[in-house]
Amino acid sequence: MASVLKYFFLFSFGGIVYVLIEMLWRGYSHWSMFILGGICFLLLGLINKKYTWDIPLLIQMLIGTFIITLMEFIFGCIFNLWLNLNVWDYYDLPFNIMGQICLPYMFLWFLLSPVCIIVDDYIRYLFFNEEKPHYKLF
């Protein structure tokens, strides 16, 4: 039960923070972004749980970028293309795929992913008595 509460807390934290970031960036958000943010935060937090602390932070950032971009594409296909909710549209941005993901935002996800990874690790350390975070860049 404690594990369920831990993951619910981490999911909720990630969802709330993502919605807040989006509101600051675009001026608005959508409820689906809470779910997307929560899922991405959980998945990024699990990177060094699966691969150990020895994996360089730079590699974790690349994995995180891939995870966020993949999740954004899946959510975009569901909420934008299939349900026609028009949550976002990247058609006018360079190197986009179906208007759902694009190279400029992949770069932003690369910069955001270490923040998520480190915050998740410290939440787990401070509130859930998990191992103290330690990183190597390369």
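1. A quick term before anything else: a residue counts as buried under 20% relative accessible area, as exposed over 50%, and as partly exposed in between. By that rule L85, with a relative accessible area of 38%, is partly exposed. Keep in mind that you're looking at a predicted model.

2. Where does L85 sit? Look in the loop between α4 and β1 (96-97).

3. Now for the inside. In general, nonpolar side chains tend to be buried together in soluble globular proteins. Here, the largest nonpolar core has 27 residues. The elements giving two or more residues to this core are α1 (2-26), α2 (31-45), α4 (57-82) and α5 (103-128), and α4 gives the most, with 7.

4. Which residues have the most contacts inside that core? They are M33 and L44. If you leave out residues up to four places away in sequence, M33 touches Y18, V19, E22, V87 and W88.

5. Have a look at α2 as well. This helix has 15 residues and reaches 22 Å from its first C-alpha to its last, close to the 21 Å expected at 1.5 Å a residue. Its buried residues are S32, M33, L36, G37, G38, C40, F41, L42, L44 and G45. What covers them includes α1, α3 (47-51), α4 and α5.

Key. Residues are numbered from 1 along each chain as its sequence is written. This is a predicted model: local features need pLDDT of at least 70, side-chain atom pairs count only at pLDDT 80 or more; totals for chains, interfaces and linings use all residues. Side-chain values use heavy atoms; hydrogens and water are left out. A nonpolar core is a set of buried Ala, Val, Leu, Ile, Met, Phe, Trp, Tyr and Cys residues joined through side-chain atoms within 4.5 Å. Buried means under 20% relative accessible area, exposed over 50%, partly exposed in between (1.4 Å probe, protein chains only). Helices (H or I, at least four residues) and strands (E, at least two) are DSSP runs, numbered from the N terminus. Contact means heavy atoms within 4.5 Å. The expected span of a helix is 1.5 Å times one less than its number of residues.
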